[in-house]
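This report looks at the fold of one chain, at a single residue within that fold, and at the contact between two chains.

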Amino acid sequence: MVKMEVLSGDPPCPGCVAILALADEFAEKYKGRLEVVKLVGSEAIPKFEQYKLGCVPAVVINEKIRIEGICPTRKMLESALREGGL
Amino acid sequence: MANKIKVEVFLSVPACSGGMSLMRLMKEIESEYGDQLDIQVSRGRNELYEKYNLTAAPAVVVGDLVRMMGVCPDKESMMAALKECGLD
């Protein structure tokens with residue numbers, strides 16, 4: 001099972017809104033193979049600090065930072081997940 | 001202080017990339033026009049966020065008017081908003 005953590009800010013920027021929607025889409029698409037954890041606002045702070053992130057939106061796959069500060073395209077997120085073993 | 005232009009900046013928690021860009025821009029503008037501006041920064045949701053009916057961060061309110069929401073403006077756009085409120 002590949003784990004994808006999605007960190008977003010609150011109040012949300014447009015990129016954070018988009019990445020949360022994308023996370024839901026991917027959770028449905030890869031049900032059973034992908035664990036999606038959405039962390040929003042203050043609940044994201046512990047992981048934000050743990051991963052030493054600089055900004056959101058961010059995607060961490062199997063504890064490796066893959067995307068930071070942008071909302072990826074579907075294609076880019078698919079590639080990142082493939083790199084992560086999906 | 002009474003004659004300064006009030007600029008309220010709203011950022012998300014954690015900071016988004018647009019919010020970080022906006023803060024860099026505001027620091028640049030403050031270094032040039034700080035004597036005319038009263039810049040107040042809010043992080044996360046608060047009563048002002050609700051008061052202005054903001055729906056996205058980052059946002060900039062100048063003189064009690066929402067000028068930008070969900071986007072980091074370029075310097076020219078920000079300066080235009082400030083000049084409309086009396087910046088010399």
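A residue counts as buried if 20 or more other C-beta atoms lie within 10 Å of its own, as exposed if 12 or fewer do, and as partly exposed in between. In this predicted model, A:Lys47 has 17 C-beta neighbours inside 10 Å and therefore counts as partly exposed.

A:Lys47 belongs to helix 2 of chain A, which covers residues 45–50. When its neighbours within four places in sequence are left aside, A:Lys47 is in contact with A:Glu5, A:Leu7 and A:Leu39. A:Val60 stands 13 residues from A:Lys47 along the chain, and the C-alpha atoms of the two are separated by 9.7 Å.

## The fold of chain A

Chain A holds 3 helices and 4 strands, and from the N terminus on these elements follow the order β-α-β-α-β-β-α. The radius of gyration of chain A is 12 Å, close to the 12 Å that the globule rule gives for 86 residues, so the chain is as compact as a globular protein of that length.

The C-alpha trace of chain A spans about 30 × 25 × 20 Å along its principal axes, and 30% of the 86 residues of the chain count as buried. Of the contacts in chain A between residues at least 6 apart in sequence, 60% join residues at least 24 apart.

## The contact between the chains

Chain A contributes 19 residues to the contact and chain B contributes 18 residues. On the side of chain B that touches chain A, helix 1 (residues 17–33) of chain B gives the most, with 4 residues, and the residues of that side divide into 11 nonpolar, 6 polar and 1 charged.

Notes
Residues are numbered from 1 along each chain as its sequence is written. Chains are lettered from A and ligands numbered from 1 in the order in which they are written. This is a predicted model: local features need pLDDT of at least 70, side-chain atom pairs count only at pLDDT 80 or more; totals for chains, interfaces and linings use all residues. Two residues are in contact if their C-beta atoms, placed from the backbone, lie within 7 Å. Helices (H or I, at least four residues) and strands (E, at least two) are DSSP runs, numbered from the N terminus. Ala, Val, Leu, Ile, Met, Phe, Trp, Tyr, Cys and Pro count as nonpolar, Asp, Glu, Lys and Arg as charged, and the others, Gly among them, as polar. The radius of gyration is taken over C-alpha atoms; the globule rule is 2.2 Å times the number of residues to the power 0.38.
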